[in-house]
Amino acid sequence: MPRGAEIALQCLRAEGVELAFGYPGGAIMPLYDGLRTSGIRHVLTRHEQGAVFAAEGHARATGKVGVAIATSGPGATNLVTGIADAKMDSVPLVCITGQVRSSLIGSDAFQETDVFGMTLSLTKWNRLVRTIDEIPPAIAEAFHWARSGRPGPVVVDIATDALKASMEFAGPVKFHPHPKPADVHGDSTFGETLIALLETAKRPVALVGAGAKLSGAIADLRRLLDHLQIPTFATVHGLGAVPSGTPYYLGMVGMHGTRAANLALDETDLLLVFGARLDDRVTGDPSRFAPHARIVHFEIDPAQLDRVRSCELAVIGDLAETIPSFYSEVRRISLPDWSAWRTIACGEERAEQDPRGLAAPAIRFLDELFRRLPEESVVVADVGQHQMWAAQRYRASSPRGFITSGGLGAMGFALPAAIGVQLGKPDATVLCISGDGGFQLNLQELATVRRLGTPIKIVIIDNKYLGMVRQWQQLFYGRNYAETDMSDNPDFVEIARAYRINGRRLDADAMGEANFAVTSQALDSFLTSPEPELLTFECHPEANVFPMVPAGARLSEMVFED
Ligand SMILES: Cc1ncc(C[n+]2csc(CCOP(=O)(O)OP(=O)(O)O)c2C)c(N)n1
Ligand SMILES: [Mg+2]
């Protein structure tokens, strides 16, 4: 009779799992014992946070469910940041944790933590499995919830004695959800209401979020937007949904969004939202957000509605269904002439007015890298100023081409996430962009990179500061740079060498015309090398990201210089 561990692994295989990231320990040892013969490839990271971010990166790049495995207690607590991250950014993720023996649960046993309680508010669904017979249905249900509706993280916490026990096993089971309850806000006649709103709108705009990509509705959305020809912008996770050369596309909106997008959102009278949560980095001051707008929200998760402002019309459902149905309605009417509005919103006078003085070399460096990236590349950004420069400058050509921790903003995400991305996209160039601060949160994963040989290209924008926090200190705290100085950073090139990874360094001088021919060659060989490579760029310590909508300000109150 198979043991619980073998059954669990068979169930994972039945869900299509081929790759898992993890870190072993006492309570999860029975599962590790069976891994080698399970048909599942396991990648040992150097920290559980690395494992969960790698699983997330894999999921974000491929659309598959990411799988992370950890032991009880400290193993499980180390997963928590990644679980929260996956929840915020709608990433399908299954975490399997070992738990202490069922008879010891609740006794403060060695390495016992209440994983169920601890992850309750961070997961879509979680379960403590005490006995072997609960394993197959728990795994089936976990995958169902991770994938369905608005995707997200789930946790299956399995007592170690359930993994060791044996039972007759007829094979993996399927989970049958209850039939969907009727849509609360959903309205089968939404087409008529929406057409009426469109017909009276003078300044309509569209906002594209992650949901548009997750639903696989990109082609339908583009067809709809091409028809509507209304000014369109994206959240950080919506980047790549609309190609950046599209004439009506204004780029990213929000705190570090483009001037054109923020002004259009401030002035619109009809805002069509496609799969976005409208978080405060997008809205600025919620009470002064899109003050003239009626809002139509296309959304799969009713919990995301009316959080900032109530919407005029909620179109609940999978965007892969609701967008085509809207398109078929809208094709039948003649649309108002919005060309004058489009000209204003996309006009020259709305282009950036940013002098970008101190940031210019770093931005040029990124531009030069991005310009060299093949079409199907993936850029993975960490959190901070470098992330916003990357989001502003990278023209992702595919919906999964720009990956970052947006909702949680978890520093340390990029390096391990890039590993997961590269394993999912072995032929793509994977460019990981990190800050000097964030890189030091998970640099141990260089060992994982070395062991796998994943040829990821790691860039560190080294401004010797926790730059984004320092920027706020400069602008809003009277230049009191409290505890953001990183001038005692290690030599990152030496660090790379210690892990047997090639490293090199560039600075502002390298971007000057005199040296550019050499730099250009260095960038080419950095990107085309079949090996993992690390490149640090020495950035001016007081370079800032602009435009910026100060926290709590109205979107039109962007600042463009210090
Ligand atoms: C885990 C974590 N801790 C703290 C923060 C707060 N925070 C946001 S950006 C930032 C600075 C990032 O510094 P660095 O990685 O050097 O990037 P830079 O902004 O300098 O480009 C900090 C501390 C965070 N987002 N995540
Ligand atoms: Mg920094």
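The centres of domain 2 and domain 3 of this predicted model, taken over C-alpha atoms, are separated by 31 Å. The contact (heavy atoms within 4.5 Å) takes 12 residues from domain 2 and 14 residues from domain 3. The protein is divided into domain 1 (4-164), domain 2 (190-350) and domain 3 (357-538), the bounds coming from an automatic or database domain assignment. Because the model is predicted, local features need pLDDT of at least 70 and side-chain atom pairs count only at pLDDT 80 or more, whereas totals for chains, interfaces and linings use all residues. Residues are numbered from 1 along each chain as its sequence is written, chains are lettered from A and ligands numbered from 1 in the order in which they are written, and side-chain values use heavy atoms, with hydrogens and water left out.

An open sheet is formed by 6 strands in the order 2-1-3-4-6-5, with parallel pairing. Helices (H or I, at least four residues) and strands (E, at least two) are DSSP runs numbered from the N terminus, and two strands pair if DSSP finds at least two bridges between them. Strand 2 and strand 5 (125-129) are the edge strands, each pairing on one side only. From one strand to the next the twist averages 20°; axes are lines fitted to C-alpha atoms, for helices over the stretch in contact, and angles run from 0 to 180 degrees between N-to-C directions. Strand 1 and strand 2 (residues 41-44) run parallel and are joined by 4 bridges, with leucine 44 of strand 2 as the bridge partner of glycine 22. Strand 1 (residues 19-22) is covered on both faces, as Leu19 and Phe21 on one side and Ala20 and Gly22 on the other are all buried. Here buried means under 20% relative accessible area, exposed over 50%, and partly exposed in between (1.4 Å probe, protein chains only). Strand 3 (residues 66-70) and strand 4 likewise run parallel, joined by 5 bridges, and isoleucine 69 has isoleucine 96 in strand 4 as its bridge partner. Helix 7 (residues 135-147) lies across strand 3, strand 4, strand 5 and strand 6 (153-159), and runs at about 170° to strand 5.

Proline 92 occupies the loop between helix 5 (80-88) and strand 4 (93-99). With a relative accessibility of 8%, proline 92 counts as buried. Beyond its neighbours within four places in sequence, proline 92 is in contact with Ala59, Lys64, Val65, Gly66, Ala146, Pro151 and Gly152. Proline 92 and histidine 144, which are 52 residues apart in sequence, lie 9.8 Å apart in space, C-alpha to C-alpha.

A further open sheet contains 6 strands in the order 9-8-7-10-11-12, and its pairing is parallel. Strand 9 (249-252) and strand 12 (313-316) stand at the edges with a single partner strand each, so one side of each is left without a neighbour in the sheet. Neighbouring strands of this sheet are turned by 15° against each other on average, direction ignored. Strand 11 (residues 294-299) pairs with strand 12 in the parallel sense over 4 bridges, and histidine 297 stands opposite alanine 314 in strand 12. In helix 12 (residues 259-267), 8 of the 9 residues are buried. The elements covering these buried residues include strand 7 (204-208), strand 8 (232-234), strand 9, strand 10 (270-274), helix 13 (280-283) and helix 15 (339-345).

Aspartate 436 lies in helix 19 (residues 436-439) and tyrosine 465 in the loop between strand 16 (457-462) and helix 21 (467-476), so the pair ties together parts that are 29 residues apart in sequence. Aspartate 436 and tyrosine 465 are both buried.

Backbone geometry was also examined. Most residues other than glycine have a negative phi, and most peptide bonds are trans. Alanine 290, in the loop between helix 13 and strand 11, has a positive phi near 40° and counts as buried at 1% relative accessibility. Arginine 479 also has a positive phi, of about 60°, but is partly exposed, with a relative accessible area of 47%. The peptide bond from phenylalanine 546 to proline 547 is cis, with omega near -5°.
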